[in-house]
Amino acid sequence: MNQDASYFFCGIGGSGMLPLAMIVQAQGGRIEGSDRALDQGRTPAKFDWLRAHGVILHPQDGSGVTRSDQIVVATGAVEDTVPDIGAARRAGATIVTRPQLLSRLFNAAPTSVGVAGTSGKSTITGMIAWILSQAGREPTVVNGAVMRNFADADHPFASAIVGSADLFVAEVDESDGSIARYDPSVAVVSNISLDHKSMEELRDLFGGFTGRAGTAVLNLDNVETAALAQGMEAGRVVTFSLGNAEADLSAHDLEPLAAGMRFRLSDQASERNAILNVPGAHNVANALAALGAVRALGVDLDQAVAALETFGGIKRRMEVVGMANGVTVIDDFAHNPDKIAATLKTLHAFDGRLLILFQPHGFGPLKLMRDEFTQGFAGLMRPDDVLLMPEPVYYGGTTDRSVGSQDIAAGVRALGRTAEALPDRATCGDRIVELAQAGDRVIVMGARDDTLSEFAADLLERLKS
């Protein structure tokens, strides 16, 4: 990377772009950027923070890209219809995608940990980051979400850690195929299930990712990741499982706590008790994945377990916003069937009706996983739970809109559970306020929309009155 170069991030406020921009800035790059949310007046605090940290912001109309020496970083598709990209071509500026830039930084590090999988990536990445930091290893970390252990008044958007260039930890993505760019020292795959691509494509991508790694950390409880483990040499694999003692790391006697989990950890040679302060069996599995990764880097297991007990979680991962008149409001990133299932199972470990707002993150995923969404909600909701759905996030374009929230809600009702599809999110909010009673838990689910957190906070204020 040219450390003295001028970088222009198109979509700089995004969960993937912001941490990368901060890493590039820390390594000497000059940072400018634009964002559609900035133009629309959404999440102003984020953009005020970027300005305060030396980032020059422009409207997303191409006006910020004027020089051939600028390196324009695009989120994914590089299309001339995006004003900044069109301006970059006219100015003769270099254009790179976020995955291209991140993978260059990642692959340049002598030791690297790539965290992949359909679900759990951000939490596992945060756990690894916290363990390594507590062990004095000073990792550089790029995550797709804010890590609460590293957030403070000056770093409210702590999705990146600027550490040593010798140890790089990153959440990597299979949805756009960019996972194929990464050559990790340690590859973690939490699970593999249908999400953005066909299973055939996913098997090829994850198989290549683990095949290029020095060590792969794989989940024996998932059919697809277990198959990857069977195809690799024993000395290159660390396996983990909930309950399967044949795994290198396994968890037993899981006990839900008020705000976390207690379990017995076995590494075949010994056993120890472990406590997490994040809830759910899925977070125990995430912890095992993180322990497998740091074990491959030589971190002492007892030290790693102790660090995990103080892991504070990831923002928007079952984050309790607050309680009003006996109603708890929870903000959650769940947006695919696996993540939704993990959240509902965790919440149903305790009594109380769920009022579920699920804002789908696109029309494409609804069409691809219509049956999985319908059966997942209907199978995990209790008879008194209520599902409320606005239409999916839609920022324009030629997306196939043939399957919408009405279709999912109708399918859930046909399977015997209560579901309503309403015109917009505001109407869903009105309905929640109308329905909510003491003892209920309101869960706000969705991705690709930072204003969901604002919506959850607003709901809490309305419930107070």
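Modeller: Two strands count as paired if DSSP finds at least two bridges between them. Strands (E, at least two residues) and helices (H or I, at least four) are DSSP runs, numbered from the N terminus. This is a predicted model, in which local features need pLDDT of at least 70, side-chain atom pairs count only at pLDDT 80 or more, and totals for chains, interfaces and linings use all residues. Residues are numbered from 1 along each chain as its sequence is written, and side-chain values use heavy atoms, leaving out hydrogens and water.

Colleague: Which residue in β10 is the bridge partner of Gly 114?

Modeller: Ala 187. Strands β6 and β10 pair in the parallel sense, over 4 bridges. β10 is also joined to β11 by 4 bridges, again parallel, with Val 186 opposite Thr 215 of β11.

Colleague: In what order do the strands of the open sheet come?

Modeller: The order of the 10 strands is β8-β7-β9-β6-β10-β11-β12-β13-β14-β15, with mixed pairing. At the edges, β8 (160–161) and β15 (271–276) each pair on one side only.

Colleague: Are the residues on the two faces of β10 buried or exposed?

Modeller: Buried means under 20% relative accessible area, exposed over 50%, and partly exposed in between, using a 1.4 Å probe and protein chains only. Val 186 and Val 188 on one side are buried, as are Ala 187 and Val 189 on the other.

Colleague: Which strands does helix α8 touch?

Modeller: Contact means heavy atoms within 4.5 Å. Strands β11 (215–219) and β12 (237–242) pair in the parallel sense over 4 bridges. Helix α8 (223–230) packs on the sheet, touching both of these and β10 (186–189).

Conventions
Axes fitted to C-alpha atoms, helices over the stretch in contact; angles between N-to-C directions.
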